[in-house]
Amino acid sequence: MLFLTVLENTGGRTNPSRVEELGTLWDASSGTTQFGEFINLILKGNLVARMDRQAAAESFKEANQIGTQLLGEKHLIMSLFSGRHATVLSNLGKTNEAMTMLEAALENVGSSQGENFILVGNLAHTLGGIASSVGDFPTAENSFRRAVQVYTKHLEVNESELYLKQYRQSILRLSVALTMQGKYRK
């Protein structure tokens, strides 16, 4: 239930206070206060990411330390969190660190949940965007192809507007990566 709420929150479809409430319930049942702190640091980082990237990076760094200690670095929640964390790092010019983080999360999710798990598509799309921003178009191409593959599979069973939007964005970004490499001509 907590994981589903966190997933919804990353799409902006739920109230952050609900995520905090579930984190507090988790802590009460486990006898700790760290999971709630982990969730609150992620929420804080998300809230300040557009206004103060450095503060967001510091919040995410602390959340990463707590989350890794509590859940392990390969936990699915940690991989989900990596996408947002990597975006903030990239915005601070730490693209190598961001790309390494995303590659590890992709490897983890792909091997534990399967290559067509929706988070693989989301992380691959994020990696492609960061790779494009630094002119690494071969990595961007591979990442966007991977994202398109995942979104295509999901559209086959669920014609969700969200999946369609993600698919279109990945196709568009893939065409740019191909064009920048001279592989796509009108």
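Which residues in H7 meet which residues in H9? I took this up as the opening entry, keeping in mind that the model is predicted.

**Entry on H7 and H9.** I looked up the contact and found that Ile118, Asn122, His125, Gly129 and Ser132 in H7 meet Tyr163, Gln166, Gln169, Ser170 and Arg173 in H9. Sorting these residues by class, I noted two nonpolar, seven polar and one charged for the contact of H7 with H9. For the geometry, I recorded that helix H7 (residues 118-133) packs against helix H9 (residues 161-180) at an angle of about 30°, the axes being 11 Å apart, and that the crossing of H7 and H9 is left-handed.

**Entry on the aromatic rings.** I then turned to ring pairs, where the count comes to two aromatic pairs. In one of them, Phe38 and Phe81 are edge-to-face, with 6.1 Å from centre to centre and 75° between the planes. I placed Phe38 in helix H3 (residues 34-48) and Phe81 in helix H5 (residues 76-91), so this pair ties together parts that are 43 residues apart in sequence. I also looked up Phe60 and Phe81, whose ring centres are 5.4 Å apart and whose planes stand at 75°, so this pair is edge-to-face. Phe60 lies in helix H4 (residues 53-71) and Phe81 in helix H5, so here the parts tied together are 21 residues apart in sequence.

Terms used:
Residues are numbered from 1 along each chain as its sequence is written. This is a predicted model: local features need pLDDT of at least 70, side-chain atom pairs count only at pLDDT 80 or more; totals for chains, interfaces and linings use all residues. Side-chain values use heavy atoms; hydrogens and water are left out. Rings of Phe, Tyr and Trp (its six-membered ring) pair if their centres lie within 6.5 Å; planes under 30 degrees apart count as stacked, over 60 as edge-to-face and the rest as tilted. Helices (H or I, at least four residues) and strands (E, at least two) are DSSP runs, numbered from the N terminus. Axes are lines fitted to C-alpha atoms, for helices over the stretch in contact, and angles run from 0 to 180 degrees between N-to-C directions. A crossing is left-handed if the near helix is turned anticlockwise from the far one by less than a right angle, and right-handed if clockwise. Contact means heavy atoms within 4.5 Å. Ala, Val, Leu, Ile, Met, Phe, Trp, Tyr, Cys and Pro count as nonpolar, Asp, Glu, Lys and Arg as charged, and the others, Gly among them, as polar.
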